[in-house]
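Here is a friendly briefing to read with the structure open beside you.

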Amino acid sequence: MKKIGAFAEVIVALNTRSTDRVFHYAVPAALQDKVEVGIRVLVPFNNRSLAGYVTGFGFPENTVNIKEIAGVLDAEPVFTPELLELARWMAENYLCSTAEALQRILSPRLLVKGQRVVKQVHPAIQAKDLESALNSLSRAPKQAALLKKAMINPGLTRKELAVAEGVSASVVDTLVEKGLLVISPENSPRRLVRVAQTSVDSNGLVLNDGQKETLDQVARDIRQGMFKVFLLHGITGSGKTEVYMQAISITLGTGRQAVVLVPEISLTPQMVDMFRRRFGGQVAVLHSALSGGERYDEWRRIKEGEASVVLGTRSAIFAPLPRPGLFVIDEEHESSYKQDDHLRYHAREVAIKRAQIAGAVVLLGSATPSLESQLKASAGGPYQLLKLTDRIDGRPLPLARVVDMRLEMKGGNSGIFSRTLVAAVNKRLDKGEQVLLFLNRRGYATFIICRECGLVLKCPRCDISLIYHRDGRLRCHYCNYTVRAPDLCPSCGSQSIKHFGAGTQKVEEEARQFFPEARLLRMDSDSTARKGSHSKIINAFRDRQVDILIGTQMIAKGLDFPGVTLVGVINADTTLHMPDFRAAERTFQLLTQVAGRAGRGELPGEAIIQTYNPDHYSITAAAAHDCDRFYLSEMPVRRSLGYPPFSHLARLLFTHEDEEEVKKGAGQAKETLKNILAGSGKNISVLGPAPAPLSKIKDRYRWQLVIKASRRDLLRDVIRESLSSLEKGPSSIRPVVNVDINPQGM
Ligand code: ADP
Ligand code: ZN
Ligand code: ZN
């Protein structure tokens, strides 16, 4: 594909939307053999030396001011045409630059923020690539010397390395920017991932009829190497993982590779062991706790075809497999697949696009599929629906009892525990069985609820719970509808209409009073802040050193405790009234998952759900394990209010130190959007500006606009147009704008 005399087309790593185009550079004779599509180069750009990505060869309109490539950073391509196409799609769909998307795809290093850990510097290149890297730095002798130093002494801190070489630490940063060094957040020395060669059992289990039918369908398309998306809707314990593994074996048999994405919380050592037992050293594991160096090692193994089964969390979707044939996304409804800062991609969307480019199969699995996937898998939709309706062990799903907390209140009990739950816990403790008490994370936004009748005030326009503000007013953070918080419940006249919600500590305190004899342990982000304490708590509970485990949604997922026979949901209302159009969906998914925790062992289990809204369909459907009932209730609500999956939604978040500025900026953006839309006949609505649910973070005020459109391309185009028009406006004190297409928490 290299044309004689052609110029290299380079995307410069500048991270701005406005420079998102290809620049031409001449290839000096000495680099003729080295410059090829997919490698990174150093190029002069506005008197600076920047990294760039070679995306092709061609001829510019004008060759007068063409500069030369200064050096090459890679000895071999680091991205394929397939990944370049994916980057271009991401740039278009997530409104970033192609360079940003490529960086996201390639980055073998971590983007860990706000964690206090010792950071070590490691080389991002292998020894064999050192020479070409040094050549590229021939005009920067300090950098070259530092790079050599880092190769010989990996694992020093940024400062130590700089001191060792007698240069300023900014030289380290420069090499990190150029992609030659990585800074890893782990303070233990990097070790190569070596996989024990023993105990590989590559034979799968004998599938039951349901699993077999499912696998047959998927296998046909894997063998044909055609793009296809399956939604595997299988109840908890129906054996989805075994289907994934056998589908992977079939993929490997066709000479292609597979990626399995799991939510962060599910990637337990047990999960990794299971894959290693089946696929041995072919498994590469990618997750955010790897150091930059470890991640890089795995990345190499994948790229070189040594590892053909990639098991990982969200960003493993960018693993550099030579010929991916299958993408499995377990728990496809999980919101953790959405990157919620920086480049806000959704791994499920990226997987589907990547599969389409590569001609691969996507297998989405869930016990409670997202409404987006469910709609696409319904009759006439583009996905094929597969169902597993029975548990492997044939045991029924545990019963869930819903406790009406309004009655408790009327009966004079205003505590956290209902009498039903106390009695049930005592019964289990007497028998020596274990109890999980589950609490949704404390809401970042407070709503007010009437504890006599369960009423929660909602926005009459958006059907979103109103957020209580310190000024005593309730506000919709989509459209900014505002009312004064009532003193008396407008529905039943009671005075018990207040904001509420208890933290795990409060639950622990009350539990100690009710169950003084029981051994209690609390698991939340406070108690697991120290590394390793998460698994310590889990192990203590599994080993039965603990009777009652209290925790947030961390304990709802992925974990299997055979001793647990009772799961109590302290209050379903905190999830149900999140100011988010997905609140009902999240409630249904969480409760279904939580209820599925009980009775996974030999003993039958039960779940108890406490709520002030016992009749809400998300709660009754979850208690009955009835997905269809939930979809039948929720789909029409989404449709009538114009929410996803029947529309596409974007959030423009404005932040600034000055509240007036941020309001003004958001207001201007709305005017711009309205001007663009005026007379366009496009069905797009702009809500707000309104304060974001978290209205101030780190001294910066946050306001937002919510934009709804029937089609995603319309949404994208109007936002792009308004951003570029805003960028042209006066720039003195403009607030920072952040775009999130189809955000997960909102
Ligand atoms: P899911 O992922 O659908 O919740 P799992 O994959 O965890 O279900 O399966 C539940 C249990 O059933 C696991 O212990 C698994 O090893 C076992 N299992 C799965 N398929 C079979 C099978 N065909 N025969 C016997 N046991 C199986
Ligand atoms: Zn009331
Ligand atoms: Zn509203």
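Among contacts in the protein between residues at least 6 apart in sequence, 74% join residues at least 24 apart; two residues are in contact if their C-beta atoms, placed from the backbone, lie within 7 Å. Please keep in mind that this is a predicted model, in which local features need pLDDT of at least 70, side-chain atom pairs count only at pLDDT 80 or more, and totals for chains, interfaces and linings use all residues. Residues are numbered from 1 along each chain as its sequence is written, while chains are lettered from A and ligands numbered from 1 in the order in which they are written.

**Overall build**

- The protein has 746 residues and a radius of gyration of 27 Å, which agrees with the value near 27 Å for a compact globule of that length; the radius is taken over C-alpha atoms, and the globule rule is 2.2 Å times the number of residues to the power 0.38.
- Its C-alpha trace spans about 85 × 65 × 55 Å along the principal axes.
- You will find 22 helices and 30 strands, which are DSSP runs numbered from the N terminus (helices are H or I, at least four residues; strands are E, at least two).
- Buried residues make up 47% of the 746 residues; a residue is buried if 20 or more other C-beta atoms, placed from the backbone, lie within 10 Å of its own, exposed if 12 or fewer, and partly exposed in between.

- An unreviewed UniProt entry lists residues 221–387 as "domain: Helicase ATP-binding"; UniProt positions are given in the numbering used here, feature names are shortened, and annotations may be inferred rather than shown by experiment.
- That span, 221–387, is 35% helix and 22% strand, and its end C-alpha atoms lie 17 Å apart.

- The unreviewed UniProt entry places a "binding site" at Cys459, Cys462, Cys476 and Cys479.
- They span 21 residues in sequence, yet no two of their C-alpha atoms are more than 8.6 Å apart, so they gather at one spot.
- Cys476 sits in the loop between strand 20 (473–475) and strand 21 (482–484), and is buried, with 26 other C-beta atoms within 10 Å.

**Helix 15**

- Thr504, Val507 and Ala511 are the buried residues of helix 15 (residues 504–514).
- They cover an arc of only 55° around the axis, which puts them on the same side of the helix; the arc is that of the directions from the helix axis to the C-beta atoms.
- These buried residues pack against strand 17 (434–438), strand 23 (520–523) and strand 24 (548–551).
- Exposed Arg512 and Gln513 are on the face turned away from the buried side of helix 15.
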